[in-house]
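Please open the model in your viewer and keep the sequence panel beside it.

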Amino acid sequence: MAIDTPVKTSAGRRRRTPSGTAGPVRMVRPPRRLWVKIVVTLLLVVEIYPLIWMFLTSLKSNDDYLNNSTWSLPTTWEWANYSEAWTTGHLGLYVQNSLLAVLPALALMLFLGTAAGFALQIMVWKGRSLTLLVFLAGMMVPPQMILLPLFTVYFQTGLSGTLWPLILTYTGTGLPLTVFMMATYYRTVPRELFEAATIDGAGILRAFWTISVPLVRNALLTVGLVQFFFIWNDLLIALTFTNNQDLRTIQVGLLNFTGDFGATQYGPLFAAICINVFGTLLIYLFLNQKVMKGLTSGAVKG
């Protein structure tokens with residue numbers, strides 16, 4: 001005697017049995033990828049919409065910004081706001097000061113951090129673990145606590161009124177994190193390479209320059225880009241040690257952005273902000289793949 005049982009179809013439902021009764025129907029769930037796409041779309045809207053609004057605001061006139069709605073489109077497209085921001089707003093001078101302060105500090109930071117990471121992970125010497133802990137302790141010191149003592153030291157040594165206080169402060173505050181990250185990356189470098197170089201007669205300096213530095217170039221790019229964004233977007237240190245307009249960095253300049261008669265010109269101000277934001281965004285997009293490689297190279301050992 002045959003048993004009357006429901007048969008599943010490929011769509012996940014049960015067809016009618018020979019007795020005429022319908023089996024239970026299973027609900028078809030939406031694919032998981034659909035929810036992922038929805039979340040990603042919402043995140044893109046949250047990230048991209050402020051950039052679009054900022055760009056559209058940079059093309060408004062001052063009257064359009066003050067009299068019309070904040071979310072309205074420009075009535076007249078003022079492309080001259082960008083040239084006015086660069087010349088009248090002294091944005092070109094601020095960008096130059098930022099580059100003169102950031103690039104030397106970044107070069108010193110990477111050189112000293114790479115050398116320290118090499119010494120702490122590759123070289124064998126007494127007290128290297130304690131030295132690494134000292135560098136890590138430097139990450140726990142808030143920058144706000146050292147501004148007043150540093151200001152006194154720079155004033156007494158005659159460095160005030162120059163960009164040297166910014167260069168030295170950026171280097172000192174960013175060095176602990178750089179040493180920690182470079183030491184982490186050096187853990188992934190095989191020690192057999194340095195042993196073979198020592199057998200071939202290479203000294204410490206040659207092993208450092210010809211072997212270790214090429215192996216960690218992606219890490220150097222990653223750490224350098226992270227530190228570049230930290231330094232470039234700094235306001236507190238630059239505001240503390242720049243005492244005149246000729247030394248203002250771009251962040252301090254945007255804070256005191258004014259027009260010809262001291263009034264805030266919102267169109268040129270947003271144009272200057274767009275130049276700052278989109279310029280750094282293009283740098284990141286151009287180096288995105290190398291940054292991802294650098295981030296994953298120190299994640300695992302071996």
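The stops below go from the whole chain to single residues.

Before selecting anything, note that this is a predicted model, in which local features need pLDDT of at least 70 and side-chain atom pairs count only at pLDDT 80 or more, while totals for chains, interfaces and linings use all residues. Residues are numbered from 1 along each chain as its sequence is written, and side-chain values use heavy atoms, with hydrogens and water left out.

**The whole chain**

Select the protein chain and colour it by secondary structure: it has 14 helices and zero strands, where helices (H or I, at least four residues) and strands (E, at least two) are DSSP runs, numbered from the N terminus. Of its 302 residues, 34% are buried, a word that here means under 20% relative accessible area, with exposed meaning over 50% and partly exposed in between (1.4 Å probe, protein chains only).

**Confidence**

Now colour by pLDDT, the predictor's confidence in each residue, from 0 to 100. The average over the protein chain is 83, and 83% of the residues score at least 70. Helix α4 has the highest confidence, at a mean of 93, whereas helix α14 (residues 288–297) has the lowest, at 64. Select residues 298–302 as well, where the pLDDT is below 50, and then residues 1–12, where it stays under 50.

**Helix α13**

Next select residues 266–286, which form helix α13, with 21 residues and a reach of 30 Å from its first C-alpha to its last. This is close to the 30 Å expected at 1.5 Å a residue, the expected span being 1.5 Å times one less than the number of residues. Its buried residues include Gly 267, Phe 270 and Cys 274. Show α1 (32–57), α4 (91–121) and α10 (217–232) too, which are among the helices that the buried residues of α13 pack against.

**A stop on helix α1**

Select Val 36, which is in helix α1. Is Val 36 buried or partly exposed? Val 36 is partly exposed, with a relative accessible area of 48%.

**A loop residue**

Finally, select Asp 246 in the loop between α11 (236–241) and α12. Asp 246 is exposed, with a relative accessible area of 54%. Which residues does Asp 246 touch, not counting residues up to four places away in sequence? Asp 246 touches Leu 93 and Asn 97, a contact being heavy atoms within 4.5 Å. Although Asp 246 and Leu 93 are 153 residues apart in sequence, they are 7.4 Å apart in space, C-alpha to C-alpha.
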